[in-house]
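Open the structure in a viewer and keep the sequence panel beside it. The stops below say what to select next and what is there.

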Amino acid sequence: MVSWIGFEKLQGSQQHNFEILCRALMRLHYAQHGRFAALANQPGVEFHLHLDSPCALGKPGEWHGWQCRWFGLPTGTALGAARRKKIEDALAKT
């Protein structure tokens with residue numbers, strides 16, 4: 001289990017650290033099923049995967065992209081309109 005309290009104490013931007021964590025987890029679990037790419041300063045998605053073999057994500061030929069957002073909210077706090085808008089804007093850029 002991830003210790004979010006420990007995670008928040010890491011050096012550097014929490015947003016950047018969260019993106020690195022998400023990318024590493026997806027690469028670990030799914031990169032063997034296709035072509036994994038994480039380009040610097042991509043608008044919209046942080047990384048994506050084009051499937052060459054079937055897996056839990058889908059079938060060959062499908063593209064999957066990830067947009068990672070760190071919102072250090074207390075448990076039970078609603079996402080809210082402003083945060084939701086940031087996510088929607090990032091997906092629209094994609």
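How many aromatic pairs does a search of the whole structure find? The search finds eight of them. In such a pair, the rings of Phe, Tyr or Trp (its six-membered ring) have centres within 6.5 Å; planes under 30 degrees apart count as stacked, over 60 as edge-to-face and the rest as tilted.

Before selecting anything, note the ground rules. This is a predicted model, in which local features need pLDDT of at least 70 and side-chain atom pairs count only at pLDDT 80 or more, while totals for chains, interfaces and linings use all residues. Residues are numbered from 1 along each chain as its sequence is written, and side-chain values use heavy atoms, with hydrogens and water left out.

**Stop 1: the whole chain**

Show the chain as a cartoon. Its secondary structure comes to three helices and three strands, and from the N terminus on the elements run α-α-β-β-β-α. Helices (H or I, at least four residues) and strands (E, at least two) are DSSP runs, numbered from the N terminus. The C-alpha trace spans about 40 × 30 × 25 Å along its principal axes. Of the 94 residues in the chain, 26% are buried. Buried means under 20% relative accessible area, exposed over 50%, and partly exposed in between (1.4 Å probe, protein chains only).

**Stop 2: aromatic rings**

Select Trp4 and Phe7. Both lie in helix H1 (residues 4-8), three residues apart, about one turn of the helix. Which kind of pair do the rings of Trp4 and Phe7 make? Their centres are 5.4 Å apart and their planes stand at 80°, so the pair is edge-to-face. Trp4 has 39% relative accessibility and so counts as partly exposed, whereas Phe7, at 8%, is buried.

Next select Phe47 and Trp66. Here the ring centres are 5.2 Å apart and the planes are at 20°, so this pair is stacked. Phe47 lies in strand E2 (residues 47-51) and Trp66 in strand E3 (residues 63-66), so the pair ties together parts that are 19 residues apart in sequence. Both Phe47 and Trp66 are buried.

To finish this stop, select Trp4, Phe7, Phe18 and Trp70 together; these residues form one aromatic cluster.

**Stop 3: salt bridges**

Side chains of opposite charge can pair when their charged atoms come close. A salt bridge is a side-chain nitrogen of Lys or Arg within 4 Å of a carboxyl oxygen of Asp or Glu. A search of the whole structure finds two salt bridges.

Select Asp52 and Arg35 for one of them, in which the closest N and O atoms are 2.9 Å apart. The pair links distant parts of the chain: Asp52 is in the loop between E2 and E3, Arg35 is in strand E1 (residues 34-37), and the two are 17 residues apart.

Now select Asp89 and Lys85. Their salt bridge has its closest N and O atoms 3.3 Å apart. Both residues lie in helix H3, four residues apart, about one turn of the helix. Asp89 is partly exposed at 33%, and Lys85 is partly exposed at 46%.

**Stop 4: a charged patch**

Which residues form a positive surface patch? Select Arg69, Arg83, Lys86 and Lys93 to see it. Such patches are made of residues with over 30% relative accessible area and no salt bridge, with like charges joined within 9 Å. Lys and Arg count as positive, and the place of a charge is taken as NZ of Lys or CZ of Arg.

Arg83 is found in helix H3 (residues 81-93) and counts as partly exposed, at 31% relative accessibility. Lys93 is in helix H3 as well, but counts as exposed, at 60%.

**Stop 5: distances along and across the chain**

For another distance, select Leu10 and Trp63. Leu10 sits in the loop between H1 and helix H2 (14-30) and is partly exposed, with a relative accessible area of 45%. Leu10 and Trp63 are 53 residues apart along the chain, and their C-alpha atoms are separated by 32 Å.

Notes: Patches are made of residues with over 30% relative accessible area and no salt bridge: like charges are joined within 9 Å, nonpolar side chains (Val, Leu, Ile, Met, Phe, Trp, Tyr) within 5 Å. Accessible areas come from the Shrake-Rupley method with a 1.4 Å probe; for residues, only the protein chains shown count as cover.
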